[in-house]
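These are my notes from a reading of one protein model. I record what I looked up, in order.

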Amino acid sequence: MKKYITLLLLQLSISFAASAQWNNDQLCGTALPNNDHLDYLERINASYDLGMERVSNDRINIPVKFHIVTDFSGNRYDYNTMLTVLCELNEQFKTAGMYFFMRGEVNNITSNFYFNHTSFSTGTQLMLEHNQPRVVNIYFVNLGQIGLCGYAYYPGSGPGNTISQGGVMMSIPCSQAGNTTLAHELGHYFALPHTFDFTSNNPRDVFAERVTRNNNETLPRLNANCGSQGDRFCDTPADYIGFRWNCNSFAVNDSDINNDRFQPDASYFMSYSSDFCMTRFSNQQINAMRSTLATNQSSRGYLTVFPIPAWDSIQGPVTLIEPMAGSEPQPANWVFFRWRKAPGATRYFVRIRRNNLPVTEFITSDTVHLYTLPLLQANLTYTYTVRPYNHAYTCVGPSQTGTFTTTTAYGTSVNDLEPTQIQVYPSLYENGQPFFIRHPEVQLKSMAIYDLQGRQKHSQALEAQGELQQIQLPFLPAAMYHVRIETEQGPVFRRIVVQ
Ligand SMILES: [Zn+2]
């Protein structure tokens, strides 16, 4: 028997992402690395200089746990966007050979307090309460009040204990498709400083990272210091810009202590350039991140203890089957959805909208879903999409948009007067199974099955005894059907879905 489970059910008001009160010029709140951490980076770079460019070339699979916080008004990070962003993240880390996948389902947290961060201590409490072990814990919240796009903790720092320590806190406006903040924060999480750290405060200082890479300069020029100052990486040019800057804007202009003009590289995720400028990590940065993950003894090695489950890519998008535009109106609390299987998908994200605004959404592992909640209204037109994914592959987009109309909700009409104790099951029926009618307080006479066009598909007499009738139904094509049961008190109507 097919599993039919609704894994997650979300009531939406207006998606926070639609709000325009923010911009993504806001900064990152990650602290400067401490001396121990800088020593760590210098040791890694020393090995790199000895020719250990990479600890290995294997893809490192990294489990993540997404935590979506919702406030009491329903403001929250959009699940559909999250799937897109995970797909983009794996593109951004492709050259690094690092691949992120979801371990388990999204953790949904409803809390005004945790949604609206008033200080870092809000995030500390959130991580202490919700961090899970052996995953990268990533939270989506409102950081508007503290003016941040996101922040992360370096290995060995942050709330929590060793295998569930720290994590990444993301603002919703900086977590949209096309953004790079998540890649940037994960860079921090895997030990990378900003390219401008220790230089931007005073670019002409003797301790600022110098532009030169020459170790044999002639006085009064000073030698290269890229391995011991700044971000400690010599393959990222000295960067002095500690604010958001546009790679296409006028040439930035400042000079170091040698009077060499800085030429920071806007393409690095660890700079503060605009999102659309950023495309990559440097080879040394990649080496540092991979070293941080490489073995159980590495500071983030605990993330890679368990192997990634075997998930394939997905053949999609999904083709919708029903409801279809022009079909009979559906009772508002009894809408039957069906779509074609997308090979490789283990989950389907279904989003129902009205006038392009989200109404409700759900996730199911099956290709049929009987919607029975009271969130849809009668006599309206809705649209819906179905997006297939699995925990490692989220790159297939939603289906084409389907349309359906609703009629009076089932069970709220005069039919309420009918004996309610009569049950039919399974209401999700598979051909060949036995079918039951339970009728503890009323005797039955006969039953018949009709399709949605009113054509009779089956009828039979029933025995006027007992409380449970077992019935062998003929083969029925997958669809929804009406069941009419004649009782000694009059007819009763039920519905079944044949998968
Ligand atoms: Zn940062």
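Entry 1, overall make-up. I counted the secondary structure and found six helices and 24 strands in the protein. I note that the model is predicted. I then looked up burial: 39% of the 499 residues count as buried. For contacts with a separation of 6 or more, I found that residues 24 or more positions apart account for 71%.

Which residues of helix 2 are buried? I listed Tyr79, Asn80, Met82, Leu83, Val85, Leu86, Leu89 and Gln92. I recalled that an α-helix has 3.6 residues a turn, so residues three or four places apart point the same way. I next looked up what the buried residues of helix 2 pack against. Among the partners are helix 5 (181-189), strand 3 (60-70) and strand 4 (98-102). Strand 12 (347-354), strand 13 (357-364) and strand 15 (381-389) are also partners.

I traced an open sheet with the strand order 17-19-22 and antiparallel pairing. Strand 17 (423-425) and strand 22 (468-471) are at the edges; each has a single partner strand, so one side of each lacks a neighbour in the sheet. I found that the twist averages 15° from one strand to the next. How many bridges join strand 17 and strand 19? I found three, in the antiparallel sense, with strand 19 spanning residues 435-438. Tyrosine 425 lies opposite phenylalanine 436 of strand 19.

Definitions and conventions:
Residues numbered from 1 in each chain as written. Predicted model: local features only at pLDDT ≥ 70, side-chain atom pairs only at ≥ 80, totals over all residues. Buried ≥ 20, exposed ≤ 12 C-beta atoms within 10 Å, placed from the backbone. Helix = DSSP H or I, 4+ residues; strand = E, 2+ residues; numbered from the N terminus. Contact = placed C-beta atoms within 7 Å. Pairing = 2+ DSSP bridges. Axes fitted to C-alpha atoms, helices over the stretch in contact; angles between N-to-C directions.
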